[in-house]
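Subject: Structure for your files, with notes on the disulfides

Hello,

Please find the structure below. My notes on its disulfides follow.

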Amino acid sequence: MSARRWVAAVCGVVTAVAAVALPAQAANPIITSIYTADPAPLVVGNTMYIYAGRDEAPAGTSNFVMREWHVLSSTDAQTWTDNGAKASIGTFGWAGADAWAGEVEPRNGKYYWYTSINGNGAGWMNIGVAVGDTPLGPFTDAKGGPLISDSTANSSGLNIDPTVFVDDDGQAYMYWGGYWSPRAVKLAANMIDTVGAVVTPTGLTNYWEAPWMFKRNGLYYLMYAANDTNGCVTNSSYACQRYATASSPLGPWTERGIVLGQVSSTTNHAGIAELNGQSYLVYHTADAPGGGNFRRSVAVDKLTFNADGTIQKVIPTVGGGTGSGTNLGPSATASTSYVSSWESLAAINNGGTPASSADRANLAYGNWPQQGTQWVEYTWPAAKSINKSSVYWFDDDQGIDLPASCQLQYWTGSAYAAVPGQSACGVAGNTENVSTFPAISTTRLRLSITSRTGYSTGVLEWKAFQP
């Protein structure tokens, strides 16, 4: 069983490079000095390493620009260090572009880095493998060419997102694939050759991309990105993280549920690891300042297994532009005084990060043709401690406009009252308007919204933060 499968085995001595090590205090996203994506965690001893691609797309562009991979590290999953770029397109002489998702697997005192790369030859994406003597490298091309390419028999519709797992008997397996095309193959003991035929695993309901394989208590798990609207996402342009289990490393698999719902980026790529007895979900969002679908950032949250081996759904914590704390919005039941029949109340707590106040990509709540004061409200089954709220207003440049004013109210147990000590409730467009206040405890939080004369109001996302 490998180090990331809940066994902390030191496979080499790690020497950090102080010149590029940049520590950052905990808050999601965990690193904001650069944009990072497609994280793959690996625990060695008492250190968690996260291997992540770097997003370099300029603001406002709509294509991935990824040329290198960074390694982040932490001994407590709270304070993180960016150890710099440890591999790049230049690591592979046969590569042309696209340093997409990768994962590192230790074996025989070596660390094998499986990556998604666009080669210079025919076809599109390939899977390559680099090798290093420590988790921080240096890494060099281990094979001199692709491990998997479009010419591989029964390869995926898109050969990306490799996840590699070494079982207790020493047999290694690799899963990968995009475009609804999961694939799996056995790896040789040298970790750079395949053994036998590429197979198509069964039972991975609504699979889209980004598999992550591990084993726990004798049970095999495969987490993966799905983009169905059957409880997964509100818009199929986005993705959630589902998981499946099996009694054999090649399946058949049985889908078990959702680990992580829709996040603020359209892509949703995650991994699971255990550090110091606590399991963590490592994933990416678009929550960093200036972030977006092509400017993503890695986040880390605690993950809990139930006694029967099922996984509890993770509710993301939010930092970056709105400060640290857990956004309780996605776990609340939303209600409203009125919602237009063609709009959606689900928009306010579905985890979207709008690009502007006119952005409908992640649905929108609006109350046209109502005017005056309307409200949206969150209800929780038990009292929650809340000390911060943020709202991103919807403005369609037609009947819905930015509000004239707003106020936060909470349920005292018998009536609604204004949240005491709240800072100004902002009504600016194209931004999150943040209100802070001394912590309150309540089962209901209401956002009261007063329109400008002649207009109705709308909301794209409303967040309520637990300290």
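Cys240 has a relative accessible area of 0%, so this residue is buried. Please keep in mind that the model is predicted.

Cys240 is bonded to Cys232: the two form a disulfide, with 2.2 Å between their sulfur atoms. Cys232 also counts as buried, because its relative accessibility is 7% and the cut-off for buried is under 20%. The torsion about the S-S bond of Cys232 and Cys240 is about -115°, which means that this disulfide is left-handed.

The other pair to look at is Cys406 and Cys425. Their sulfur atoms are 1.9 Å apart, and the two cysteines form a disulfide. Cys406 sits in strand S25 (residues 405-411), whereas Cys425 is in the loop between strand S26 (416-418) and strand S27 (433-450), so the bond ties together parts that lie 19 residues apart in sequence. The link of Cys406 and Cys425 is left-handed, with -115° about the S-S bond. Cys406 and Cys425 are both buried.

How many disulfides does the count come to? The count is 2 disulfides, taking a pair of cysteine sulfur atoms within 2.5 Å as a disulfide. With the bonded cysteines of the chain numbered in sequence order, the pairing reads 1-2, 3-4.

In short, the disulfides are Cys232 with Cys240 and Cys406 with Cys425.

Regards

Conventions. Residues numbered from 1 in each chain as written. Predicted model: local features only at pLDDT ≥ 70, side-chain atom pairs only at ≥ 80, totals over all residues. Heavy atoms only, no water. Buried < 20%, exposed > 50% of the residue type's maximum accessible area, 1.4 Å probe, protein only. Helix = DSSP H or I, 4+ residues; strand = E, 2+ residues; numbered from the N terminus.
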